[in-house]
Amino acid sequence: MVLHRLVGFASLLAAWTVQAQAAGPFDGAWAVTLVCPQAADGVFGYTYRFGAIVTDGVLHGENGTRGMPSWLALDGRIQPDGTALLAAEGLTGTPEYAVGRVPKMTSYRYRATARFGSTHGTGTRTEVRPCTLDFVKLDFVKS
C-alpha cells in the first residue's frame, strides 16, 4: 500500500516537472494531509496523506487507486487571493471508518473550503463529518 502511494505520488511529481515552466503563485507539488476524527456515530477516525498537483491554479490530488476501496480525489480552483472551494469524491473503505457504517465501495462526495499561502494551506470539510486538510508546498531544486 505504501509502495503504491509512492508510485502514485511519483507520477504526480513527473507531471508537475513537465508543467513547471509557467508556474502561477500556487502551481507545483503539494503534500496533503486529511484528518477525520472519530465521528458522532462512533466510526473510527482516519488520516490520509497523499500528493496533489496545482497547475494554472487548479488542484488535483488522489489518495489510493481510482475504483478501489478508500480512494479519494480532491479537485478545485485556487483563487488569486488563495481561497478555494474543493470537491472531494471517493469510495469508502472498511465500514468501521465510514459515517453510517455504509458498505465498502460506497461512493461519496463532499466539499471543503481552503485557504492557500505561498507554501502552506489549510482547509475544512464542510459537510457530514468535521475533517481538516493541511497542504504543504514541496520545494524542489531545479537544475
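This is a predicted model: local features need pLDDT of at least 70, side-chain atom pairs count only at pLDDT 80 or more; totals for chains, interfaces and linings use all residues.

Biologist: Is Phe116 buried or exposed?
Modeller: Residues are numbered from 1 along each chain as its sequence is written, and side-chain values use heavy atoms, with hydrogens and water left out. Buried means under 20% relative accessible area, exposed over 50%, and partly exposed in between (1.4 Å probe, protein chains only). Phe116 has a relative accessible area of 5%, so this residue is buried.

Biologist: How do the rings of Trp30 and Phe116 pair?
Modeller: A pair of aromatic rings is described by the distance of the centres and the angle of the planes. Rings of Phe, Tyr and Trp (its six-membered ring) pair if their centres lie within 6.5 Å; planes under 30 degrees apart count as stacked, over 60 as edge-to-face and the rest as tilted. For Trp30 and Phe116 the centres are 5.2 Å apart and the planes at 85 degrees, so the pair is edge-to-face.

Biologist: How many residues apart are Trp30 and Phe116?
Modeller: Strands (E, at least two residues) and helices (H or I, at least four) are DSSP runs, numbered from the N terminus. Trp30 is in strand β1 (residues 28-36) and Phe116 in strand β6 (residues 107-116), so the pair links distant parts of the chain, and the separation is 86 residues.

Biologist: Which residues do ring pairs link into a cluster with Trp30?
Modeller: Trp30 itself counts as buried, at 0% relative accessibility. Ring pairs link Trp30 into a cluster with Phe26, Phe116 and Phe135.

Biologist: Over how many bridges do β1 and β8 pair?
Modeller: Two strands pair if DSSP finds at least two bridges between them. Leu34 stands opposite Leu133 in β8. Strand β8 covers residues 132-137, and β1 pairs with β8 in the antiparallel sense over 6 bridges.

Biologist: Which residue in the turn between β7 and β8 has a positive phi?
Modeller: Strand β7 (residues 120-125) also pairs with β8 in the antiparallel sense, over 5 bridges. These two form a hairpin with 6 residues between them. The residue in the turn with a positive phi, about 65 degrees, is Val128.

Biologist: And what is the phi of Met105?
Modeller: Most residues other than glycine have a negative phi. Met105 lies in the loop between β5 and β6. Although Met105 is not a glycine, its phi is positive, at about 75 degrees.
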